[in-house]
Amino acid sequence: MEQLAINSAFDQFFAAVQTKTTDKDVAMFSRQAGIGSPSHRAAVEKLAEPLLQGLARAPGLRVVQNRNKLPFSAPRDAKGALWRGTIYLVPDNLASPADVRNTVAHELIGHFGLRGFFGYVLGEVLFELHRNT
């Protein structure tokens with residue numbers, strides 16, 4: 001029963017994540033099924049910044065209004081991304097304060113934390129875990 005729960009969690013993780021290899025790194029995205037009502041950039045910053053305060057090794061934070069303002073190409077529905085040690089949030093694709101918090105948590109724990117432990121082989125490790133469970 002526990003294995004089924006683990007398999008289901010990995011299936012959900014891989015359904016929600018997309019990666020893109022750039023010349024220097026691999027960007028990882030949180031994705032949204034549909035575009036929610038746009039949030040304002042300042043409100044997103046105000047919600048996200050306290051979530052990273054007080055961490056011993058916090059990633060950077062940048063809030064860009066839409067994906068066209070990202071320093072890399074991203075899917076139309078990307079809510080957030082981790083790239084070169086910085087969490088990027090895209091307010092146009094964030095539907096609510098809970099969505100902001102969940103996206104920060106996803107990028108911080110799911111990508112920044114795992115990347116810190118596994119380094120640049122993270123994509124390979126996740127694929128192997130998914131393939132073998």
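Helix 2 is followed by G54, a residue with a positive phi near 80 degrees. The model is a predicted one, in which local features need pLDDT of at least 70 and side-chain atom pairs count only at pLDDT 80 or more, while totals for chains, interfaces and linings use all residues. Residues are numbered from 1 along each chain as its sequence is written, and side-chain values use heavy atoms, with hydrogens and water left out. Helices (H or I, at least four residues) and strands (E, at least two) are DSSP runs numbered from the N terminus.

Helix 2 itself spans residues 41-52. Its 12 residues reach 17 Å from the first C-alpha to the last, close to the 16 Å expected at 1.5 Å a residue; the expected span is 1.5 Å times one less than the number of residues. V44, A48 and L52 are buried in this helix, where buried means under 20% relative accessible area, exposed over 50%, and partly exposed in between (1.4 Å probe, protein chains only). An α-helix has 3.6 residues a turn, so residues three or four places apart point the same way. On the face turned away from the buried side of helix 2 sit the exposed residues A42 and K46.

A salt bridge is a side-chain nitrogen of Lys or Arg within 4 Å of a carboxyl oxygen of Asp or Glu. E45 and R41 are 4 residues apart, about one turn of the helix. E45 is partly exposed, at a relative accessible area of 26%, and R41 is partly exposed as well, at 41%.

Across the whole structure, a search finds 3 salt bridges. In another of them, D99 meets K79, with the closest N and O atoms 2.8 Å apart. D99 belongs to helix 3 (residues 97-118) and K79 to strand 4, so this pair ties together parts that are 20 residues apart in sequence. Both D99 and K79 are buried. E128 and R131 form a salt bridge too, at 2.7 Å between the closest N and O atoms; both lie in helix 4 (residues 122-131), 3 residues apart.

Strand 4 (residues 78-83) is mostly covered, with 6 of its 6 residues buried. Strand 4 pairs with strand 5 (residues 86-89) in the antiparallel sense over 4 bridges; two strands pair if DSSP finds at least two bridges between them. L82 stands opposite I87 in strand 5. The hairpin of these strands has 2 residues between them, and R84 there takes a positive phi near 50 degrees.

Aromatic rings of Phe, Tyr and Trp (its six-membered ring) pair if their centres lie within 6.5 Å, with planes under 30 degrees apart counting as stacked, over 60 as edge-to-face and the rest as tilted. By this rule there are 3 aromatic pairs. The ring centres of F72 and Y88 are 5.5 Å apart and their planes stand at 90 degrees, so the pair is edge-to-face. F72 lies in the loop between strand 3 (60-63) and strand 4, and Y88 in strand 5, so the pair ties together parts 16 residues apart in sequence. Both F72 and Y88 are buried. W83 and Y88 form a tilted pair, 6.5 Å centre to centre with 55 degrees between the planes, and W83 is buried. Together, F72, W83 and Y88 form one aromatic cluster.
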